[in-house]
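Here is a short briefing on selected loop residues. Please read it alongside the sequence and the model.

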Amino acid sequence: MRTAFIRQLVEEAATNDKIFLIVGDLGYSVVEIFAEKYPERFLNAGIAEQNMVGVAAGLAKEGYNVYVYSIGNFPTLRCMEQIRYDVAYHNLNVKIVSVGAGYAYGSLGVSHHATEELGMMRTIPNMVVCSPGDPVETQFITTISANYDGPMYLRLGKAGENIVHKMPISGLNIGDILLVQNNTGSTKALLVSGSILDYAVKRVTELENSFDVYSIPFVKPLDNKKLLELASKYVDIWILEEHQKSCGIGSAVIEVISDMYAKGKISNYPRIKRIGIEDTFYSVSGSQTYLRELAGLKI
């Protein structure tokens, strides 16, 4: 995903001279293609993420569309005050890009696990929150971000994620929910967000389950019209996410559906099952696959 992101950002920067990229002394072998092509719009801020967000806010005030790029929870949890006050409060054109979502950097331990930041980011006013499921979604969301004026968070996988969308996506708009796999007559839907989408599609196929599988590339805002359609159509809705259950994607979906039910927009409340990380730390090092299994992220 990070490769799809940087390649598309280079393409966008060719026609948009306001795109500016700041990194926190990382991304080597990834960001060089941008740095070499647009050195005047690239800055290595060093290992100083909070300052990096402050610099981004200043550049945005001068008219730039600024991308802040770092690993997992470093540009998010470490910088929440700066994101809230410097960026979101002023509704500035800053994009926070986090690579290594969930347990992607699992071998480096809890300090590199990004498993709470979606919940924190989605509660901040003015913030659009994106969690693409594969490189195709990442490419589309990068283009959207380049043309969007305002704060945005992009939660990306690390590297090597498979392409899930075998057919081209015909356009993508903020809030869209995408049908990935359709089983005729199914009464069960599996909603997935982030790089765990590939596992979900393969697992549903392997088990020959009758789930319809949907990708949620935008955690905030959600497409309420689409969720109304899903809540009316399906008896069972499962939600899979590589994030804490608390305040994650499952919580966001339940909030919307619960409000719809309270307002009488749906007559029957679907059975909703959340598959996410319990309220605990996993203080071990291991591969992303190992930690996903340890956390019970399986169908």
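N93 sits in the loop that runs between α4 (80-88) and β4 (94-99); helices (H or I, at least four residues) and strands (E, at least two) are DSSP runs, numbered from the N terminus. This is a predicted model, in which local features need pLDDT of at least 70, side-chain atom pairs count only at pLDDT 80 or more, and totals for chains, interfaces and linings use all residues. Residues are numbered from 1 along each chain as its sequence is written, and side-chain values use heavy atoms, with hydrogens and water left out.

**N93 and its surroundings**

- N93 counts as buried because its relative accessibility is 13%; buried means under 20% relative accessible area, exposed over 50%, and partly exposed in between (1.4 Å probe, protein chains only).
- A polar atom of the N93 side chain lies 3.1 Å from the backbone nitrogen of G150.
- Which residues does N93 touch, not counting residues up to four places away in sequence? They are A60, Y64, N65, V66, Y148, D149 and G150, where contact means heavy atoms within 4.5 Å.

- Y64 belongs to the loop between α3 (49-61) and β3 (65-71).
- At 24% relative accessibility, Y64 counts as partly exposed.
- Leaving out residues up to four places away in sequence, Y64 touches D17, K18, F20, L59 and N93.
- In sequence, Y64 and K298 are 234 residues apart. In space, their separation is 42 Å, C-alpha to C-alpha.

**A cis peptide bond**

- K220 and P221 are joined by a cis peptide bond, with omega about -5°.
- P221 is placed in the loop between β10 (218-220) and α8 (224-233).

- S29 is a residue other than glycine, yet its phi is positive, near 80°.
- The loop between β1 (19-23) and α2 (32-37) holds S29.
- Is S29 buried or exposed? S29 counts as exposed, because its relative accessibility is 67%.
- C247 also has a positive phi, near 70°, in a residue other than glycine.
- C247 is found in the loop between β11 (236-244) and α9 (249-262).
- The relative accessible area of C247 is 26%, so C247 is partly exposed.

Note on methods. Polar contact = N/O pair within 3.5 Å; in protein donor to acceptor, adjacent residues only side chain to side chain.
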